[in-house]
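Biologist: Let's talk through the charged pairs in this one. Can you take me along step by step?

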Amino acid sequence: MRSWLTALRISRREIRRAKGRSALVIAMIALPVCALGYAAASYDMFTLTPAETLDRELGAADASVRRGADEPIMQHADGSRWRTVAPEHEQIADVGPLTEAEVLAVLPPGSRVVPVFSGGLEFRTAAGGLARIPTTEMDLTDPIYRGIAELLDGRTPAAGEVVMTEAARERLGDTIRSRDGSTSWTSVGTVEFPAELGEVLVFAPGTLPRQPEAAPAGTAWEWLADTPAPVSWAQVQEINASGMVVTSRAVGLDPPDPSETPITSDDPQPDGGRLTLMPLVLGLAMLEIVLLAGPAFAVGARRRQRSLALIAANGGTRAQLRRIVLADGLVLGLIGATLGLVLAVPLILIGRPLAEELLVGYRAGGYRFNPPMLAGIVVLAVLTGLLAAAVPAFTAARLNVVAALTGRRGVVRSKRRWLILGLVLTAAGAGIATAGTILIGPDMIVIGLVIAQIGLVLCTPSLVGLIARAGGVLPLTPRIALRDTARNRASSAPAISAVMAAVAGSVAIGVYLSSLTTQQTQSYTPTLPDGYVSVDYELGRNSYRSDTPSRARAALAAAFPGTALVEISETVCPDYPGSGQCGIYPKRAAAQTCPGTDDPPTSRAEIDALAADPRCAREHITEGYAFTPFVSVVGNRDTLVALTGASGDDLAQAVAVLDRGGAVVTDPFLIDNGTVLLDAVTAPPPAPDGQVTGEVTESPMTVPGYLLRTGRHATLGVVSPAVAKQAGMDVAATGLVALTSGEPEITTIDRLTADLAEAGLGDPFVERGPVNNTDVFLYILAAASALITLGAAAIATGLAAADGRADLSTLAVIGAAPGVRRRLSLSQSGVIAGLGSLLGIAAGIGSAFAALAATNESRMDRWPIPTPYPLAVPWLSLMLILIVPLVAMLGAGLLTRSRLPIERRRPT
């Protein structure tokens with residue numbers, strides 16, 4: 001113990017003596033700790049507790065009740081999922097609203113219930129357009145809503161008044177008007193919904209504009225209940241017998257044992273299995289801290305080589321030398337970890353509102369710094385600091401005392417066994433990570449990736465020596481930089497490893513984000529080419545008038561001046577609409593139909609067999625992403641361009657087939673020897689309740705066919721007018737498509753919606769592409785990783801420059817020009833940051849590919865198989881990462897003084 005106290009005193013004295021180098025060491029440790037502290041606190045703040053979730057869902061109520069079915073049901077404990085008791089029945093939508101008497105009849109005596117009215121209504125915008133805004137009605141003075149909504153300023157609304165969120169005010173203004181302009185409401189306050197920071201309007205109870213599909217007077221789709229006592233799980237099950245679904249605060253805070261719930265969390269989820277990446281993130285973060293701190297202690301030991309040699313010459317043991325270097329790791333690690341957390345606190349305070357409003361879209365649960373977690377990060381940083389100092393400590397304990405006292409270099413060549421060991425570890429780590437992807441084992445993946453990166457670290461000194469051999473053909477300063485890097489491998493190799501670790505983290509996250517974006521794009525089935533806008537004439541509805549097409553065309557022309565407009569036609573029955581519905585649809589032959597369409601697979605072997613069947617390719621089996629406004633299209637060249645964006649020879653051949661009286665399709669399995677099987681379907685008009693009455697007739701037809709290959713489009717078929725005539729059907733214009741040059745602004749769509757409303761038409765459809773559902777924390781982690789990358793490159797090169805100060809003195813003695821130091825520092829920075837970046841890119845891509853492969857494997861037991869995450873490399877991000885060496889070189893060149901130092905030589 002006394003030896004450790006002595007080592008700590010020596011470490012404290014060394015820190016005070018070498019303030020600059022100590023500051024760089026502390027920064028090297030503080031940077032990743034700051035990022036980890038920010039990520040941990042952000043994750044904790046935005047991960048709501050069960051109580052916070054219930055407050056935002058129930059307010060101060062004890063439970064919520066809604067209709068499930070007209071028969072007994074059973075539900076999950078939190079009410080998120082339910083099904084009928086009869087096993088042959090599937091979950092169905094709510095069958096109708098509930099009355100107050102029905103709800104009170106199943107609740108304990110003395111309960112109070114409040115109806116929940118919400119929906120989406122169209123209002124005039126401040127720019128003169130029309131927008132659909134979520135609406136609700138509630139008495140904000142009623143404490144039952146506390147937690148659901150908060151009145152920020154103003155007062156509660158009365159009749160003819162409204163309170164709104166800030167987002168809604170920006171779009172609608174302080175006075176809003178109904179769709180037809182006959183009614184207006186004045187804003188008297190600002191409200192906020194912690195669970196949704198978007199556009200919401202709040203009306204006084206009983207004043208919410210009613211919609212035809214709204215619940216009749218005296219009923220509601222959902223009720224909040226204030227009960228005399230908490231609603232227990234037994235009471236929830238009793239209420240389920242009446243076909244009602246209950247969300248109980250008491251059950252949510254103290255859920256029953258899974259064995260007591262008929263629907264448990266082990267039931268199949270709609271999104272299938274998912275591999276958690278948290279072990280990967282934590283494991284690689286620990287390795288990154290070790291590799292970032294390693295060069296700091298290596299350089300420290302190198303700078304103190306003479307003092308350590310003096311201790312050894314005066315009887316110091318190897319254990320004592322190790323403790324002196326390890327004491328540096330302990331003291332500097334503790335200081336760096338503490339400083340990192342101190343810097344993380346203001347970053348958390350400043351970043352929370354921005355993350356809430358710009359990224360997450362809901363309020364955090366509060367400023368939760370989670371002291372145990374932050375203390376754990378400090379302990380982790382100190383332990384990893386000690387681990388990072390371990391290698392320099394053992395190296396220092398084995399130093400050559402004579403060489404150190406005379407100032408000669410230590411290790412100037414790498415031992416072959418370290419290179420062989422590094423190659424073996426890299427290969428073994430890759431194999432273990434690959435096995436982890438197949439077995440879906442996050443722990444195995446982490447172990448494999450860590451071993452592989454350690455192997456790369458061991459290979460770095462030999463790689464440095466190999467590159468240094470090319471220095472003979474370079475100018476003076478790059479040649480000196482390469483020689484110095486090779487001769488000081490004990491400090492240069494850890495510095496390169498630090499940059500490698502930082503770059504690997506950035507690249508891995510970048511690859512993962514790129515793959516997520518690509519997967520979302522590939523999963524999405526577009527309705528129209530990107531940015532195109534379509535309008536449905538609503539032919540046959542009460543709103544249709546003889547001048548509807550001309551008014552729709554005028555509205556689109558006003559919204560998009562100079563844009564081409566294409567009218568879309570569809571098949572209709574003769575004397576439409578009185579005689580029913582008529583359509584012509586492409587149909588696969590029995591031999592071309594996917595076997596899993598009518599007989600879903602039940603085992604992994606069956607799923608694998610179907611996945612290998614080209615007839616079951618995902619792009620030809622809908623996953624529910626596409627909405628097709630035009631279904632039985634009769635068209636020509638312009639129609640194909642408007643619906644698919646086809647071009648070139650592909651478009652010309654498709655038009656030729658239409659001219660010959662054929663059909664154009666996008667599914668290759670609809671084509672059989674140049675022909676397409678069509679199904680001409682005639683259905684009688686529906687009854688007033690929407691049910692089909694009478695017999696539906698189907699008549700098969702075979703016509704010339706063509707497979708369209710260009711453009712992005714949903715699976716569709718376009719037939720020629722001759723085919724419609726052959727089927728005995730008429731053709732009528734049913735809509736318009738505007739061939740816009742890009743996605744329109746929201747204000748333009750609002751004005752177009754308003755103009756269409758005056759024409760008695762519904763909202764336009766805009767093809768906006770897939771919605772980006774990427775987890776916001778990945779973007780926060782990516783930003784933190786990029787910051788660490790830049791900081792690590794700058795600090796590591798700064799440490800290397802500090803270690804090369806003796807060489808600069810030598811240059812001054814022999815008469816080198818003052819600018820040589822600046823160029824030498826710039827070259828050293830380029831060698832370290834450049835080589836570290838190249839190794840980091842390789843390690844990062846390998847790590848991300850392993851995680852993506854494991855994620856894909858974990859989702860292979862679903863049918864249809866979800867679109868796999870592609871192994872996409874973000875080339876733009878890699879180009880930006882390759883700028884890191886340039887930034888480090890520029891910083892080294894600008895911050896290095898051109899005047900060379902003259903140092904007093906120690907007597908030998």
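Predicted model: local features only at pLDDT ≥ 70, side-chain atom pairs only at ≥ 80, totals over all residues.

Biologist: How many salt bridges does a search of the whole structure find?

Modeller: Side chains of opposite charge can pair when their charged atoms come close. Searching the whole structure for such bridges gives 13.

Biologist: Which residues are linked with Glu192 in a network of salt bridges?

Modeller: Here the bridges join up into a network. Linked with Glu192 in it are Arg352, Glu356 and Arg363.

Biologist: Is Asp750 buried or exposed?

Modeller: Its side chain meets that of Arg171 in a salt bridge, 2.7 Å from N to O. Arg171 lies in helix 5 (residues 166–172) and Asp750 in helix 22 (residues 746–758), so the pair ties together parts 579 residues apart in sequence; helices are DSSP runs of H or I, at least four residues, numbered from the N terminus. Buried means under 20% relative accessible area, exposed over 50%, partly exposed in between (1.4 Å probe, protein chains only). At 4%, Asp750 is buried.

Biologist: And what is the relative accessible area of Asp174?

Modeller: Asp174 and Arg169 meet through their side chains in a salt bridge (2.8 Å, N to O). Arg169 counts as buried at 19% relative accessibility. Asp174 is partly exposed, at 46%.

Methods. Residues numbered from 1 in each chain as written. Heavy atoms only, no water. Salt bridge = Lys/Arg side-chain N within 4 Å of Asp/Glu carboxyl O. Helix = DSSP H or I, 4+ residues; strand = E, 2+ residues; numbered from the N terminus.
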